[in-house]
Protein chains: 2
Amino acid sequence: MTQDIDDLIDMAEPAAGDGGGEGGERRERRGRGAASGREARRAARARPKTAYAPYITRRVPTFDVLSQEGLEIIEANAETILEEIGIDFRDDAEALAIWRDAGADVRGERVHIPRGLARKLIATAPATFTQHARNPERSVEIGGKTTVFAPVYGPPFVRGLDGGRRYATIEDFRNFVKLAYLAPAMHHSGGTVCEPVDLPVNKRHLDMVYAHIRYSDKPFMGSVTHPERALDTLEMAKIVFGAEFVQDNPVTTSLINANSPMVWDSTMLGALKNYARSNQATIITPFILAGAMSPVTVAGTLAQTLAEAMAGMAFAQLCRPGAPVIFGSFASSISMQSGAPTFGTPEPALVLYGCAQLARRLGVPFRSGGSLCGSKVPDAQAAYESANTLLPTVLGGVNFVLHAAGWLEGGLVSSYEKFVMDADQLGMMRTMLEGVDLSENGQAMDAIREVGPGAHFLGCAHTQANFETAFFRSSIADNNTYEQWLAEGERDAATRAGGLAKKLLDEYEAPAIDPGVDEALVEFMAKKKAAFPDSNI
Amino acid sequence: MTQDIDDLIDMAEPAAGDGGGEGGERRERRGRGAASGREARRAARARPKTAYAPYITRRVPTFDVLSQEGLEIIEANAETILEEIGIDFRDDAEALAIWRDAGADVRGERVHIPRGLARKLIATAPATFTQHARNPERSVEIGGKTTVFAPVYGPPFVRGLDGGRRYATIEDFRNFVKLAYLAPAMHHSGGTVCEPVDLPVNKRHLDMVYAHIRYSDKPFMGSVTHPERALDTLEMAKIVFGAEFVQDNPVTTSLINANSPMVWDSTMLGALKNYARSNQATIITPFILAGAMSPVTVAGTLAQTLAEAMAGMAFAQLCRPGAPVIFGSFASSISMQSGAPTFGTPEPALVLYGCAQLARRLGVPFRSGGSLCGSKVPDAQAAYESANTLLPTVLGGVNFVLHAAGWLEGGLVSSYEKFVMDADQLGMMRTMLEGVDLSENGQAMDAIREVGPGAHFLGCAHTQANFETAFFRSSIADNNTYEQWLAEGERDAATRAGGLAKKLLDEYEAPAIDPGVDEALVEFMAKKKAAFPDSNI
């Protein structure tokens with residue numbers, strides 16, 4: 001429907017009280033009257049193109065749940081874990097040697113880090129850094145007051161446009177990259193937007209990285225499933241950005257997960273070392289299902305998360321002081337009945353708020369949150385749980401938001417419908433984080449004076465002047481009358497979202513790429529793939 | 001499913017990293033092994049009864065979006081509206097006389113309130129007050145750090161247990177009262193939980209008030225659709241609480257809506273006067289669809305809301321200094337395409353946060369929020385929008401939350417399914433508002449020491465000791481495996497909620513009531529109904 005303030009004015013009537021209720025007939029829409037010259041005005045008000053905003057800079061405070069005293073308790077407990085209990089660095093003799101040299105007490109594979117050492121090492125990590133995109137307008141600043149949204153990461157399944165659930169393919173992968181590229185509120189192309197299980201495990205990372213580069217121009221994440229694959233990611237980045245640039249400037253942000261409780265394994269450490277030594281950003285994330293991989297309490301989970309993250313981030317600084325690291329926290333609770341992970345519950349939100357505070361005190365960017373849910377389908381459960389994760393994410397001050405769109409079924413499924421529904425939600429978060437406009441125009445006293453008691457604001461000069469920018473406009477929500485909704489087929493939000501996803505993919509056009517670069521990437525992949533046999537390890 | 005930690009332990013395996021993903025197979029559930037003595041332990045751990053908690057007392061801070069300077073700008077603008085633009089008090093000569101005597105400049109029906117006068121008058125209003133329930137254990141404290149949840153208010157339609165949409169009846173009304181009574185997280189029985197359109201307008205308030213008293217023992221709201229009906233509410237309250245008690249103690253909280261912009265009408269003023277003079281609580285609420293009934297900006301809507309609410313609250317204090325008043329704000333934005341109200345968008349959340357701050361500075365309790373949505377059905381749109389309203393509600397520090405459960409389709413529909421889905425969400429909010437437990441048990445350092453790197457927490461002593469209270473447990477969310485969900489019929493959240501609503505109503509048992517009181521109430525209603533003919537005005 002074309003926006004038309006004249007229609008609003010036609011519909012307007014003096015607001016009349018309905019007495020007892022707040023949802024009554026006063027809001028039933030009236031039929032549209034004719035208005036002369038409307039078409040001309042409509043054309044004149046053609047919506048201006050929104051300037052591309054590559055990330056959000058918040059103007060509202062963060063929401064903090066821990067007092068100064070609470071923070072100090074958690075930090076002291078984390079130091080106790082590091083020193084007395086220790087963290088395992090498994091199957092990586094080099095890592096153990098590095099820790100020994102740094103002054104840790106290494107017993108077998110267990111590294112006991114003296115109080116204060118990890119925090120001291122982390123001091124060399126930058127508080128904010130730029131991750132460069134191949135389109136410089138899409139480079140993102142990560143840390144401080146910024147928020148960057150990235151898509152779902154990791155699911156082996158997709159829920160497709162036909163609504164069915166099946167294994168993901170590289171075609172799905174490309175589709176999610178395209179949807180992320182097309183979503184104005186999505187700042188980042190992400191990493192494993194779904195797991196392309198139709199490709200061999202030992203080669204699929206090439207096609208994944210290529211898809212991010214070719215089908216998007218937003219920043220992307222690197223492969224972490226093998227140290228060698230991290231190097232491949234960097235080789236491909238060098239083709240795009242130049243070898244010298246990649247050696248010093250973050251062009252990838254990659255996900256390094258702990259094996260909680262208190263274990264870092266050689267796969268992750270290998271990728272971490274390769275990225276950090278090239279000054280590439282890593283997200284050091286204890287991945288915790290609280291109750292199974294950490295205590296059943298928020299404060300216990302906070303201390304353990306902090307200890308694990310500090311050990312990983314300090315290690316990255318030992319590999320290359322100044323390498324960008326992001327303090328990551330992925331925390332869900334579990335069902336005490338079944339052991340299944342649960343999402344959108346209050347305890348993980350409290351962990352998120354607390355971790356965000358702890359990260360700020362460490363002076364490093366923070367990653368958490370997203371649009372997490374346990375639901376099998378994009379229904380009310382999915383939406384409640386996602387909103388209950390996303391709002392704490394933005395209010396708590398998360399800088400890098402993985403899983404910001406598309407996550408379903410506890411991360412087992414990437415959903416097309418959910419992706420566009422979530423992306424719609426992400427659009428709101430900018431308005432939220434920008435806070436209240438207190439300019440003279442924002443105060444709108446002229447409008448209140450012009451309209452006065454008992455009249456309406458639809459046609460007043462201030463409303464006309466602010467028409468284009470007034471109020472967030474959802475691409476998914478149906479706010480039409482019941483009768484119109486019936487006439488349009490009683491479609492629920494998921495159905496509408498599926499239609500929008502199809503439309504977006506149909507209309508998708510790839511961003512331009514230097515043909516020489518593209519050719520070099522394709523050639524690199526072909527050579528790599530030919531060098532060793534397919535394998536699913 | 002019976003909770004059983006043994007099952008969890010059986011299922012547990014050492015957490016193994018999956019490398020690249022965060023949603024992978026590590027969380028697939030394993031089959032259950034047999035465990036000796038399990039039944040005995042299960043019985044021994046029968047869940048203890050939760051003590052009834054009649055309202056929430058927050059332990060986390062409020063989330064504030066306005067700076068001191070911003071608050072002062074809004075407050076100055078509100079005083080300008082009160083003094084220069086004025087507020088209409090329509091068709092109520094007594095109200096105009098009261099204002100004139102108080103020092104306002106009354107021109108026709110427009111009351112110009114000198115700067116500072118309204119705020120000075122509001123100083124006599126209590127910062128917190130107790131609304132008494134007929135069961136004293138369910139009396140609620142409203143104001144300060146408390147949050148009280150009350151059901152949806154006002155819809156003429158219901159979406160029934162068969163999923164269809166139809167006009168509401170008194171039977172529906174009773175059902176929603178019963179559901180609110182049964183919901184542990186619902187603190188209040190509310191008011192017009194739906195509009196019983198099968199009863200005559202001029203008599204239905206009697207059956208509504210009676211239903212609240214008879215089918216619940218939680219506090220309730222009074223009728224406001226006519227000053228006379230407010231008096232009937234008080235007469236019935238006197239039968240329950242005693243005449244003397246009702247003259248001085250709040251036993252009702254009633255909704256007084258402004259006709260924004262800047263109009264108070266005689267219906268609302270009549271009810272307000274009758275309640276305030278009996279020291280009964282009123283919620284003074286500018287009901288605003290921003291863009292139509294206020295400017296299209298947040299700051300403009302804030303100033304107007306504050307001015308309207310201050311005029312109403314000051315008037316209540318003129319009727320009886322010290323009468324409890326609640327600063328109310330109902331703000332939605334509108335679609336600039338169609339004029340339809342929209343919910344769950346960021347602008348109304350910003351209005352909510354701002355108004356909550358303004359109310360705290362006035363020193364009065366605050367009402368706003370709820371589980372608002374524009375969706376026609378309890379789908380993802382309904383849930384996103386509701387969560388996007390409810391979380392700001394609790395984080396912003398709302399004291400009295402109307403529409404906390406059951407609201408659908410912009411308040412035109414009370415939904416059974418949505419009611420139980422929302423009530424489930426409300427349960428989470430207590431945990432959220434209680435914040436992080438920093439006791440020794442909460443810190444859980446013993447658990448971390450006991451378990452150590454690479455093991456799991458499922459069977460450790462700390463987990464066993466905290467099993468019953470660990471983690472919020474949803475009554476709606478399905479966190480089972482995909483296969484189990486398939487086997488159970490692929491039910492979405494709304495379908496499961498419908499089943500739960502049916503079950504609750506089937507199992508409902510009315511709270512006890514003194515038969516003499518019940519008889520007197522029935523007699524009062526019969527006498528009233530016989531005294532004048534039915535009418536739908």
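Trainee: How many residue pairs are in polar contact across the interface of chain B and chain A?

Mentor: Keep in mind that this is a predicted model. The pairs counted here have both residues at pLDDT 80 or more.

Trainee: Which residue of chain A forms a salt bridge with B:Lys376?

Mentor: The rule finds 4 salt bridges across this interface. For B:Lys376, the closest N and O atoms of the pair are 3.1 Å apart, and the cut-off is 4 Å, so the pair counts. The partner is A:Asp478.

Trainee: Over to helix 14 of chain A. How far apart are its end C-alpha atoms, and why does that agree with its number of residues?

Mentor: Helix 14 covers residues 416–434 of chain A, which is 19 residues. At 1.5 Å a residue it should span 27 Å, so the distance in the model agrees: 28 Å.

Trainee: Which residue caps the N-terminal end of helix 14 of chain A?

Mentor: Helix 14 is largely enclosed by the rest of the structure, because 15 of its 19 residues are buried. After the helix comes A:Gly435, with a positive phi near 70°. At the N-terminal end, a side-chain oxygen lies 3.3 Å from the backbone nitrogen of A:Glu417, and it belongs to A:Ser415.

Trainee: Is A:Asp88 buried or exposed?

Mentor: A:Asp88 sits in strand 2 of chain A, and its side chain makes a polar contact with the side chain of A:Arg90 at 3.0 Å. Beyond its sequence neighbours within four places, its contacts include A:Trp264 and, from the other chain, B:Pro453. Its relative accessible area is 5%, under the 20% cut-off, so A:Asp88 is buried.

Trainee: Last one: how far apart in space are A:Leu255 and A:Ile326?

Mentor: A:Leu255 is part of strand 10 of chain A and counts as buried at 1% relative accessibility. In sequence, A:Leu255 and A:Ile326 are 71 residues apart. In space, C-alpha to C-alpha, the distance is 9.4 Å.

Definitions and conventions
Residues numbered from 1 in each chain as written. Chains lettered and ligands numbered in written order. Heavy atoms only, no water. Salt bridge = Lys/Arg side-chain N within 4 Å of Asp/Glu carboxyl O. Polar contact = N/O pair within 3.5 Å; in protein donor to acceptor, adjacent residues only side chain to side chain. Helix = DSSP H or I, 4+ residues; strand = E, 2+ residues; numbered from the N terminus. Expected span 1.5 Å × (residues − 1). Buried < 20%, exposed > 50% of the residue type's maximum accessible area, 1.4 Å probe, protein only. Contact = heavy atoms within 4.5 Å.
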